[in-house]
Amino acid sequence: MKKALICIAAIIILIFSAFMWLGHSSSSGRALGLAEGKLQPCPTNPNCVYSDTNSDTDGEHYIAALDISNYSASDSMLSISQIIFELKGQISSENDSYISATFTSAVFRFVDDFEVRLDSQQQLIHFRSASRIGKSDLGVNRKRVAAIKQIFLQRQSN
């Protein structure tokens, strides 16, 4: 019985250590940035969402853009920037039409890239949120974009 408990403890420690190592590995890298003025598509892994696409061609990764037709574009980008900070994101690059940020998970320190692009012609804000490492994110990136959009809309209605 004692040997079995020691084996189980050793396995748990190995698994925990592996996740810690993966989290540390994800700290290097950066967001993909824009390509031809648009956010880059998601890879095949289901750990990424983005709105700069047609939902018919990439349903698994697609998330709707934020319609800002009733709001000022510059105020909208400023509000998104503030929400990122409030949700403990770290902005690494920002200008009038683009924001690049990272979010780090609390326990294993996994890093996700978060990007925002303003499409002033269509009055939309596009999002891309992707894990740097691993296959699945358990829906974290989709939930993050949804939360940011919800907070933005709640603030605009007040």
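Mentor: Start with the disulfide. The torsion about the S-S bond of Cys-42 and Cys-48 is about -70 degrees, so this disulfide is left-handed. Keep in mind that the model is predicted.

Trainee: What is a disulfide in general?

Mentor: A disulfide is a covalent bond between the sulfur atoms of two cysteines. Here, the sulfur atoms of Cys-42 and Cys-48 are 2.1 Å apart.

Trainee: How many disulfides does a search of the whole structure find?

Mentor: The search finds 1 disulfide.

Trainee: Are Cys-42 and Cys-48 buried or exposed?

Mentor: Cys-42 is buried, and Cys-48 is buried too.

Trainee: Now the salt bridges. How many are counted?

Mentor: The count comes to 6 salt bridges. To read one, look for a side-chain nitrogen of Lys or Arg within 4 Å of a carboxyl oxygen of Asp or Glu. Take Asp-52 and Arg-117: their closest N and O atoms are 2.7 Å apart, and they form a salt bridge.

Trainee: Where in the chain do Asp-52 and Arg-117 sit?

Mentor: In distant parts of the chain, 65 residues apart. Asp-52 is in the loop between strand E3 (48-50) and strand E4 (66-67). Arg-117 is in strand E7, which covers residues 111-119.

Trainee: Why does Asp-52 count as buried?

Mentor: Buried means under 20% relative accessible area. Asp-52 has 11%, so Asp-52 is buried. Arg-117 has a relative accessible area of 9%, so Arg-117 is buried as well.

Trainee: Which residue meets Arg-132 in a salt bridge?

Mentor: Asp-113 does, with an N to O distance of 2.9 Å. Arg-132 lies in the loop between strand E8 (124-131) and helix H3 (140-157), while Asp-113 lies in strand E7, so the pair ties together parts 19 residues apart in sequence.

Trainee: Are Arg-132 and Asp-113 buried or partly exposed?

Mentor: Take each in turn. Arg-132 has 23% relative accessibility and counts as partly exposed. Asp-113 is buried, with a relative accessible area of 7%.

Trainee: What about Asp-119 and Arg-117?

Mentor: Their side chains meet in a salt bridge, 3.9 Å from N to O. Asp-119 and Arg-117 are both buried.

Trainee: Which residues are linked with Arg-117 in a network of salt bridges?

Mentor: Asp-52 and Asp-119. Trace it on your screen: Arg-117 pairs with Asp-52, and Arg-117 also meets Asp-119.

Definitions and conventions:
Residues are numbered from 1 along each chain as its sequence is written. This is a predicted model: local features need pLDDT of at least 70, side-chain atom pairs count only at pLDDT 80 or more; totals for chains, interfaces and linings use all residues. Side-chain values use heavy atoms; hydrogens and water are left out. A disulfide is a pair of cysteine sulfur atoms within 2.5 Å. Buried means under 20% relative accessible area, exposed over 50%, partly exposed in between (1.4 Å probe, protein chains only). Helices (H or I, at least four residues) and strands (E, at least two) are DSSP runs, numbered from the N terminus.
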